Amino acid sequence: MNVNVTRLRPLLPLVLLLPLATACGGASGADGEGGAKTVTVTVGYQSKTINTVTAGTLLRSLGYFEEELAARGKRDGVSYRVVWQDYATGAPITAQMTAGKIDIGSMGDFPLLINAARGVQLKERTRLVAVTGYSPRGGLNTVVTAPGSPLRSLADLRGKKVSTSVGSAADGTLVRALRRAGIDPAKDVEKLNQQPSVGASALTSGNVDALSQFVAWPGLLAFQGKATALYDGAELNLPTFHGVTVREGFASRRPGVLDDFLRAQRRATDELRSRPVAAAESVAKETGLPAEVVYLYNGAQGIATFDPALRPELIAALKDDVSVLKAAGLVKDVDVDAFVDAAPLRRAVKDPAYPKAGAARSELWLKGQGATRSFATPGELLKAVGAAGEGKVRAAYVPDAATGTLWFADRAVWVTDGSGPRAFVTRSGAERYVSGHAGARIVGYADALRAAS
């Protein structure tokens with residue numbers, strides 16, 4: 001367990017710098033000397049699962065939750081302390097929550113359902129109270145292979161070794177995608193249950209044939225030249241998201257603290273949406289991930305849309321996810337309606353929802369620039385890249401012509417025809433387009449750049 005106690009900002013009240021009595025996991029507080037009271041709030045998050053940053057990495061670095069609690073402390077005479085615990089996946093957060101040791105956590109849609117089921121089973125019920133980042137089509141999860149792999153489509157995975165994290169959103173995508181391809185995920189592939197970092201190493205060393213993982217691992221490996229996208233999760237056209245869950249007992253005892261967290265999360269979301277490049281740089285600094293990868297998912301046109309609202313389409317998707325987990329024997333059943341609680345967010349934030357995001361546009365990030373430029377078409381992006389010169393380009397992003405999933409332009413599969421260049425996340429997606437359009441052909445990135453210049 002990696003426990004990080006947040007660094008305290010200089011402007012926070014001096015009371016937070018005083019010696020603190022520990023009341024970890026929402027033991028609701030402890031009486032200090034002289035009758036002073038300290039309440040410790042423990043937050044579980046996933047630093048490298050970067051579409052949770054508004055409830056984790058970014059929120060922690062901004063100090064907004066601590067600021068909200070400091071203001072509350074002045075009103076009620078209580079000293080509040082926040083302990084941040086960082087994990088690689090949602091499973092250990094659930095284990096700590098059901099043990100009463102984490103009060104608030106963030107995780108993906110499939111782990112959220114397991115969180116709900118375990119909470120009921122172990123009599124430490126939890127509630128889903130907000131969303132962090134979501135993809136309306138499912139583009140947050142991707143199946144990748146090693147560069148040069150002979151695998152070209154999901155059908156080629158039959159009889160192969162595939163690494164994933166069982167019970168994760170990426171595992172759910174893999175299972176659904178294989179079924180649609182006519183492959184039994186339990187019998188026709190050898191599925192290895194591995195942490196994301198272990199699976200990434202297994203792919204690069206050749207110990208597995210493919211890796212199905214969630215943000216930001218597929219984009220990171222592609223950026224590093226260590227993986228090629230085989231399947232874009234957005235082909236499922238099913239929403240996927242990460243959200244915030246809270247222990248019911250903690251929320252009942254400390255509703256105001258939960259409100260403070262949700263207000264702080266909304267402030268962090270405002271910051272990310274208004275200053276996406278700065279937010280990406282901040283998250284990169286905290287996590288060690290390349291800022292270009294963070295921006296792929298969290299940028300202005302990124303794969304993830306950040307909005308805390310519990311949108312009906314996301315809750316409907318969560319209900320559909322239950323059957324996948326039941327079939328895998330990971331849960332018996334989940335009462336999603338009882339798990340979802342929109343009341344705290346409505347209470348804490350006046351207007352919790354943002355307008356729905358439109359279609360993604362191509363985007364160019366030049367070196368030394370604190371802002372990006374967006375373009376209506378991939379052709380315009382390619383012209384701008386050519387004009388700037390590749391030595392001055394930090395990253396170029398382009399949406400998949402079919403799914404809209406943003407991808408690195410130099411890692412995309414390009415197709416040219418009479419109507420202009422088009423980009424695809426996967427070769428199979430490009431081949432489907434070519435097969436249905438006379439005169440269309442797949443070209444390399446360098447050729448696409450030359451043709452656009």
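What follows is a chat about a predicted model, covering its strands, some helices and a few backbone details.

Colleague: Hi! Before we dig in, what kind of model is this?

Modeller: Hello! This is a predicted model.

Colleague: Thanks. Let's begin with strand 6. How many of its residues are buried?

Modeller: Strand 6, residues 126-135, is mostly covered, with 10 of its 10 residues buried.

Colleague: And which way do strand 6 and strand 12 run, parallel or antiparallel?

Modeller: They run antiparallel, and 7 bridges join them.

Colleague: Nice. What about strand 6 and strand 13?

Modeller: Those two also run antiparallel, joined by 2 bridges. Strand 13 covers residues 305-306, and its threonine 305 sits opposite tyrosine 134.

Colleague: OK, helices now. Which residues of helix 3 are buried?

Modeller: Helix 3 spans residues 91-98, and its buried residues are Ile93, Thr94, Gln96, Met97 and Thr98.

Colleague: What do those buried residues pack against?

Modeller: Several elements, including strands 3, 4, 5, 6 and 12, plus helix 4.

Colleague: Good to know. How do the axes of helix 10 and helix 11 cross?

Modeller: The axes of helix 10 (residues 276-287) and helix 11 (residues 291-298) come within 8 Å and cross at roughly 130°. The two helices are therefore oblique to each other, and their crossing is right-handed.

Colleague: Which residues make that contact?

Modeller: On helix 10 they are Pro276, Val277, Ala280, Glu281, Val283 and Ala284, and on helix 11 they are Ala291, Val294, Tyr295 and Asn298. By class, that contact has 8 nonpolar, 1 polar and 1 charged residues.

Colleague: Switching to backbone checks: where is the cis peptide bond between valine 215 and alanine 216 placed?

Modeller: Alanine 216 lies in the loop between strand 10 (210-214) and helix 7 (217-223). The cis bond joins valine 215 to alanine 216, with omega at about 10°.

Colleague: What is phi at lysine 123?

Modeller: Lysine 123 has a positive phi of about 60°, although it is not a glycine. This lysine is in the loop between helix 4 and strand 6.

Colleague: Is lysine 123 buried or exposed?

Modeller: Lysine 123 is exposed, at a relative accessible area of 74%.

Colleague: And what about phi of asparagine 237?

Modeller: Phi of asparagine 237 is near 55°, again a positive value in a residue other than glycine. Asparagine 237 is placed in the loop between strand 11 (228-232) and strand 12.

Colleague: What is its relative accessible area?

Modeller: Asparagine 237 has a relative accessible area of 43%, so it counts as partly exposed.

Colleague: Great, thanks for the tour!

Definitions and conventions. Residues are numbered from 1 along each chain as its sequence is written. This is a predicted model: local features need pLDDT of at least 70, side-chain atom pairs count only at pLDDT 80 or more; totals for chains, interfaces and linings use all residues. Side-chain values use heavy atoms; hydrogens and water are left out. Axes are lines fitted to C-alpha atoms, for helices over the stretch in contact, and angles run from 0 to 180 degrees between N-to-C directions. Helices (H or I, at least four residues) and strands (E, at least two) are DSSP runs, numbered from the N terminus. Angles under 35 degrees count as roughly parallel, over 145 as roughly antiparallel, 65 to 115 as roughly perpendicular and the rest as oblique. A crossing is left-handed if the near helix is turned anticlockwise from the far one by less than a right angle, and right-handed if clockwise. Contact means heavy atoms within 4.5 Å. Ala, Val, Leu, Ile, Met, Phe, Trp, Tyr, Cys and Pro count as nonpolar, Asp, Glu, Lys and Arg as charged, and the others, Gly among them, as polar. Buried means under 20% relative accessible area, exposed over 50%, partly exposed in between (1.4 Å probe, protein chains only). Two strands pair if DSSP finds at least two bridges between them.
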